[in-house]
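Colleague: I am new to this structure. Could you take me through some of its side-chain pairs and helices?

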Amino acid sequence: PLPAGRPKAGPANPVTGALTSARIAAAARMFRRHLAAYGAAAEAEHLDSRSLSSLTDAALGARIRLVRNRIQQGWVLSGLGVLFAAVAPTQVEAATADASEGGGTVGRMHAELASLANVITAHPYARISIDGGDLDAARAAAPMFATAFDAAVTRIGHRGPGDIDLAARVFADRPEAVLAAAGRVTRAPQADDTVTGAAAARELAYDATLRFTHELRSAVRELGTRLAGQEKLAAAEDIFYLTTEEALVMPVDARLRIKRRAAERERLQALVLPPVINGRWEPLTAHRPADNGELRGRVVSRGVAEGTVRVLGSVDDADLTSGEIAVLAAADLDSAILAGTPAAVVADSGRGAADPAVVARHLGVPFVVDVPGATARLVTGMRVRVDGTSGTVTVLADATEEEVAAVPGATLAQ
């Protein structure tokens, strides 16, 4: 749904209605063509780390500007996808059917993991090396596995908690998590694992935008490594505190700017933003961690589970076990299928590109979404019960003071 709800219809007018429908259908066909071309460009313009390192400084700068423009195109497509899916899904269903063939993001991720799992099964000698933690030996023993693994990381490695942030680490930075996720796939993708039509096209536009975001992330990291090697930066990751133009033509006070912006980022991370920003806004009161009480949300998948909370803040948290409850932002729901084997999943309020029902079917665990402030009020280390029948999350034991202090903007409940 749109943040402000559906636009109100004006007085009924058959002629105006017919013209509007025709224009929507034409716009949907144009959207389909642009989406297909954008997705193809994301495939064709991919460069791996070896290719990036071979670029001259001038070529690397040109690529950074090119990919930045590609991301801007992607956000336009993503916005159109949201509008089409919310306002006129029926009119655009047929127009986007071929663009969304194969389903949305989660369905395609599942298919990619299932394909990799089949290759691993077909090469038991590679399986032995994988189980022993020797990925290089597995690649050497089975070139077909190496090809399939590289393809899977390329196609889904750009995702991860907070993947919209250029400075974030994604699953391409932890390829072993992709391998572990493939090892958990026990069946081929089913029809219910996918969404279709306008909803799938919306997801794919967003996903392709994030693919280009990762292309920019990789190029900027390469530039940061070069600048750190020339002692123009104290550390390669400091480059993310500079604008594009500052990174390409370093100002004399670059280190001072980086220091100021790092402090400002830390301050801003403590703010609680309103769910919708329309013009002027004020930060909300910081969420207090839940204290032996209940939080309520919307049920997506039934069942009851108890476990220890793990808030998914980065791919470093992507090793969830059956004794843990995954708590994550709504925007990161599709990352949950790569994050381990949680006993249940809780997501905060808000909207993401992925359909929570599809993610829930993939994981097969109790699933509660739209829990206000979940990622701040449920702290890593708490023990909770997730009831997928009533939609409640009950705190059974509090986190320690140290665990609460690690949450930006959180304070101990009084």
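Predicted model: local features only at pLDDT ≥ 70, side-chain atom pairs only at ≥ 80, totals over all residues.

Modeller: Residues are numbered from 1 along each chain as its sequence is written, and side-chain values use heavy atoms, leaving out hydrogens and water.

Colleague: How many aromatic pairs does a search of the whole structure find?

Modeller: Rings of Phe, Tyr and Trp (its six-membered ring) pair if their centres lie within 6.5 Å; planes under 30 degrees apart count as stacked, over 60 as edge-to-face and the rest as tilted. With that rule, the search of the whole structure gives three.

Colleague: Are the rings of Y38 and F212 stacked or tilted?

Modeller: Their centres are 5.1 Å apart. Their planes stand at 45°, so the pair is tilted.

Colleague: Are Y38 and F212 buried or exposed?

Modeller: Buried means under 20% relative accessible area, exposed over 50%, and partly exposed in between (1.4 Å probe, protein chains only). By these cut-offs, both Y38 and F212 are buried.

Colleague: Are the rings of F145 and F149 stacked or tilted?

Modeller: F145 and F149 are four residues apart in helix α8 (residues 143–156), about one helical turn, and both are buried. An α-helix has 3.6 residues a turn, so residues three or four places apart point the same way. The ring centres of F145 and F149 are 5.7 Å apart and the planes are at 15°, so the pair is stacked.

Colleague: Which residues does L60 touch, not counting residues up to four places away in sequence?

Modeller: L60 lies in helix α3 (residues 57–87) and, at 0% relative accessibility, counts as buried. Its C-alpha atom is 7.5 Å from that of L223, 163 residues away along the chain. Taking contact as heavy atoms within 4.5 Å, L60 touches L52, L55, A219, E222, L223 and R226.

Colleague: How far apart are the closest N and O atoms of R226 and E222?

Modeller: A salt bridge is a side-chain nitrogen of Lys or Arg within 4 Å of a carboxyl oxygen of Asp or Glu, and the count comes to 27. R226 and E222 are both buried and lie four residues apart in helix α10. They form a salt bridge in which the closest N and O atoms are separated by 2.8 Å.

Colleague: Which strands hold R310 and E324?

Modeller: R310 and E324 form a salt bridge at 3.0 Å, and both are buried. They are 14 residues apart, with R310 in strand β3 (residues 304–311) and E324 in strand β4 (residues 324–328).

Colleague: Which residues are linked in a network of salt bridges?

Modeller: A network of salt bridges joins four named residues. They are R159, D163, D207 and D334.

Note on methods
Helix = DSSP H or I, 4+ residues; strand = E, 2+ residues; numbered from the N terminus.
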